[in-house]
Amino acid sequence: MNGFRAHRADLPGRLDAAGAVLAVATVTWTAATGRDDPAAAAAVAGLQLACVAAYVAARAVARRQPALVPLAVLAAVVTLSWVVRGPVGVGSATAPPLGYANADAALFLQAGVAAAMVALALPAAKGVAVAAGVVMAAAAPASGSVAGAAALAVVLGLWMASRRKPALAAGGGMVAVLVVVAATAGIAVSSATGTHPSVVDRAGDLVQRRRVALWGDAAAIARTHPVTGAGAGSFEGLRRTAPLDEDARWAHSDFLQQGAEGGAIALGLVLAAFGWGFARVAAAGAADPFVACGALSLAALGLAAGVDYVLHFSLVPLAAAALAGAATARGRAAGSPG
């Protein structure tokens with residue numbers, strides 16, 4: 001029993017070591033895929049490094065002041081939305097703060113999670129933080145994003161079911177992300193191969209036929225380059241769908257684009273990064289809703305990335321990395337008995 005407890009207590013440290021190895025492997029592989037487009041690979045690798053830095057810095061800050069990181073994320077989104085882009089009400093036709101509905105919704109969900117964390121860490125500001133969280137959550141579907149509305153429903157469900165059980169929130173979040181990735185991959189393969197046309201038609205009715213066609217393009221590229229991919233930035237030139245459409249430069253699924261441009265290795269690495277994040281939240285181990293919010297942040301990011309290219313809007317993954325870092329600074333992650 002003592003040995004088991006010692007192993008459990010050491011789990012956060014082991015996961016941190018594994019995370020460092022995973023980060024190095026991910027950035028290294030991204031750089032290696034830039035054989036034909038070094039600039040595209042450098043941009044992605046730079047964002048990956050920035051997310052690692054945001055996570056580490058947030059962990060360090062949150063050990064001293066847990067509310068500071070989520071407060072900064074919330075303030076950044078509010079400032080970008082209401083000051084830089086101009087005021088917007090729930091139901092407005094405009095789409096701040098990033099100008100793309102699904103990315104806006106993904107960022108609003110991160111801000112909603114941040115507001116919940118502020119309310120939990122600063123009881124004196126709970127009323128204001130809860131009000132801000134409600135506005136941010138409502139803004140996600142109001143931005144015109146169906147994916148945002150669906151992700152909000154999943155996040156709220158996870159919150160209600162597991163707000164004091166970080167491990168349950170992390171497990172549920174990972175399952176939800178895997179289901180979305182598996183579903184989009186299945187639809188993509190069907191679109192690329194011409195099999196199960198009824199499935200492709202139904203999917204097109206739900207998420208737009210052009211999006212399904214782009215998923216099919218990603219699957220076709222991945223079939224041609226299954227292990228190492230076609231190279232960073234290659235999807236734009238190899239796709240068959242809407243060649244003159246600027247918005248179709250992306251596969252409209254970050255996971256499928258990783259598989260097309262970086263092969264099974266890149267797809268495995270990005271899935272491993274999400275899996276590591278959920279495991280790290282679970283390892284914090286405290287019966288603390290603040291910790292559980294880290295899993296909600298990752299779930300919201302993964303669900304959005306499964307159906308669109310939200311990871312290319314750097315503020316979205318950076319916000320999620322920072323919130324996950326702040327969450328894992330609690331409990332055993334901070335060296336407390338929890």
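View 1. S253 counts as buried because its relative accessibility is 0%; buried means under 20% relative accessible area, exposed over 50%, and partly exposed in between, with a 1.4 Å probe and protein chains only. The model is a predicted one, in which local features need pLDDT of at least 70, side-chain atom pairs count only at pLDDT 80 or more, and totals for chains, interfaces and linings use all residues. Residues are numbered from 1 along each chain as its sequence is written, and side-chain values use heavy atoms, with hydrogens and water left out. S253 sits in the loop between α10 (235-238) and α11 (254-284); helices (H or I, at least four residues) and strands (E, at least two) are DSSP runs, numbered from the N terminus. Leaving aside residues up to four places away in sequence, S253 touches T184, W215, A305, G306, V307, D308 and Y309, where contact means heavy atoms within 4.5 Å.

**View 2. W215 and the largest nonpolar core.** The largest nonpolar core has 91 residues, and M117, W215, F255 and F278 touch the most other members. Helix α12 (residues 289-307) gives the most to this core, with 14 residues. Such a core is a set of buried Ala, Val, Leu, Ile, Met, Phe, Trp, Tyr and Cys residues joined through side-chain atoms within 4.5 Å. With residues up to four places away in sequence not counted, W215 touches T184, I187, A188, V207, A251, H252, S253, L256, G306 and V307.

**View 3. The largest cavity and its lining.** Rolling a probe the size of a water molecule over the atoms shows where empty space is left. On a 1 Å grid over the protein atoms alone, a cavity is a set of points where a 1.4 Å probe fits but cannot get out, and a pocket is an open set with protein on both sides within 12 Å along at least five of seven lines; lining residues have an atom within 4 Å of a point. Grid points are joined across faces, edges and corners, and a volume is the space filled by probe spheres set on the points. The count is 1 cavity of 30 Å³ or more, and the largest cavity holds about 30 Å³ of space. N102, A105, A106, L109, S145, A147, G148, A151 and A304 line the largest cavity. Helices α4 (101-121) and α6 (146-162) each supply at least two residues of this lining, and the largest share, 4 residues, comes from α4. By class, the lining has 6 nonpolar, 3 polar and no charged residues; Ala, Val, Leu, Ile, Met, Phe, Trp, Tyr, Cys and Pro count as nonpolar, Asp, Glu, Lys and Arg as charged, and the others, Gly among them, as polar.

**View 4. The second largest pocket.** The second largest pocket contains about 560 Å³ of space. It is lined by 24 residues, and V146, A147, L206, V207 and V307 are the closest to its centre. Two or more residues of the lining come from each of α4, α6, α7 (166-193), α8 (197-207), α9 (209-224) and α12. The largest share of this lining, 5 residues, comes from α6. Its classes are 17 nonpolar, 5 polar and 2 charged residues.

**View 5. Helix α2 (residues 38-64).** The end C-alpha atoms of helix α2 are 39 Å apart, which agrees with the 39 Å that its 27 residues should span at 1.5 Å a residue. The expected span is 1.5 Å times one less than the number of residues in the helix. An α-helix has 3.6 residues a turn, so residues three or four places apart point the same way. The buried residues of α2 are A41, A45, L47, Q48, C51, A54, Y55, A58, R59 and A62.

**View 6. A319 in helix α13 (residues 315-327).** A319 has a relative accessibility of 6% and so counts as buried. V73, L107 and Q110 are in contact with A319, not counting residues up to four places away in sequence. L107 and A319 are 212 residues apart in sequence, and their C-alpha atoms are 7.8 Å apart in space.

**View 7. Two residues with positive phi, Q208 and A242.** Most residues other than glycine have a negative phi, and most peptide bonds are trans. Q208, not a glycine, has a positive phi of about 85°. Q208 is in the loop between α8 and α9, and at 49% relative accessibility Q208 counts as partly exposed. A242 has a positive phi near 45° and is likewise a residue other than glycine. The loop between α10 and α11 holds A242, which is partly exposed at a relative accessible area of 26%.
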